[in-house]
Amino acid sequence: MDVITGTLLVFGAGILELWAAIPLGLAINLNPVIIGAASALGAIVAAFLVTAVGDSIREKVIKWRYGENKDLKGSRYYKIWNKYGVVGLGLISPLLFGAPVGSALGVALGSRKRPLLIWMSIGIVIWSTGLTAAGYLGLMSFGVIK
């Protein structure tokens, strides 16, 4: 497989899930820098898309989940949100939930778009770099990659 096709595959997988993009890139023998960059860029695009259409979805989800009562202050997510805020969500959600779900959660909890996208992007870059390095070094230690 050529580098351009592999990069596009990793980018597309990154839109869906960061955890899928990195092993895919390693499996098709892409350069780890390309894997990290393409998977991070895909996840950032997904976070941007969810955030861009999030307000209209937020209203529908809140109405579906809580009925006419739009007060989320009693929910478990809101308590976590109050404790860690947009910074915590942005840094941990790419690892735990994935970028699209983390962005949707941030929008649902009422985060402003710009800080949410900034912190999601920082978290995505950190985790894609760390996971790519861990995967690549792990494969090197087992002699799979030379």
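Which residues are buried in helix 6? The legends below begin with this helix.

**View 1. Helix 6 and the residue that follows it.** The buried residues of helix 6 are Ala99, Gly102, Ser103, Leu105, Gly106, Val107 and Ala108. Because seven of its 10 residues are buried, helix 6 is largely enclosed by the rest of the structure. Buried denotes under 20% relative accessible area, exposed over 50%, and partly exposed the range in between (1.4 Å probe, protein chains only). Glycine 110, with a positive phi near 90°, follows helix 6. The model is predicted: local features need pLDDT of at least 70, side-chain atom pairs count only at pLDDT 80 or more, and totals for chains, interfaces and linings use all residues. Residues are numbered from 1 along each chain as its sequence is written, and side-chain values use heavy atoms, with hydrogens and water left out.

View 2. Helices (H or I, at least four residues) and strands (E, at least two) are DSSP runs, numbered from the N terminus. Of the 146 residues in the protein, 34% are buried.

**View 3. The largest nonpolar core.** This core contains 23 residues, and Ala99, Leu116 and Ile124 have the most contacts inside it. Two or more residues each come from helix 1 (3-16), helix 2 (18-27), helix 3, helix 5, helix 6 (99-108) and helix 7. Helix 3 gives the most, with five residues. A nonpolar core is a set of buried Ala, Val, Leu, Ile, Met, Phe, Trp, Tyr and Cys residues joined through side-chain atoms within 4.5 Å.

**View 4. Helix 3 and its start.** Helix 3 comprises 21 residues (residues 32-52), which at 1.5 Å a residue should span 30 Å; the end C-alpha atoms are 30 Å apart, in agreement. The expected span is 1.5 Å times one less than the number of residues. Among the buried residues of helix 3 are Ile35, Gly36, Ala38 and Ser39. At the start of the helix, a side-chain oxygen of asparagine 31 comes to within 2.8 Å of the backbone nitrogen of valine 33. Leucine 49, also in helix 3, is partly exposed at a relative accessible area of 48%. Its C-alpha atom is separated by 8.2 Å from that of proline 100, 51 residues apart along the chain.

**View 5. The loop between helix 2 and helix 3.** Asparagine 29 lies in this loop. Although not a glycine, asparagine 29 has a positive phi of about 60°. With 62% relative accessibility, asparagine 29 counts as exposed.

**View 6. A nonpolar surface patch.** Val87, Leu91, Ile118, Ile122 and Ile126 make a patch of about 360 Å². Helix 5 (76-96) and helix 7 (113-141) each supply at least two of its residues, and helix 7 gives the most, with three. Isoleucine 118, in helix 7, is partly exposed with a relative accessible area of 44%. Patch residues have over 30% relative accessible area and no salt bridge; like charges are joined within 9 Å and nonpolar side chains (Val, Leu, Ile, Met, Phe, Trp, Tyr) within 5 Å. A salt bridge is a side-chain nitrogen of Lys or Arg within 4 Å of a carboxyl oxygen of Asp or Glu.

**View 7. Threonine 132 in helix 7.** Threonine 132 is buried, with a relative accessible area of 3%. A polar atom of its side chain lies 2.6 Å from the backbone oxygen of serine 128.

Definitions and conventions: Areas by Shrake-Rupley, 256 points an atom, 1.4 Å probe, with all protein chains shown as cover. Polar contact = N/O pair within 3.5 Å; in protein donor to acceptor, adjacent residues only side chain to side chain.
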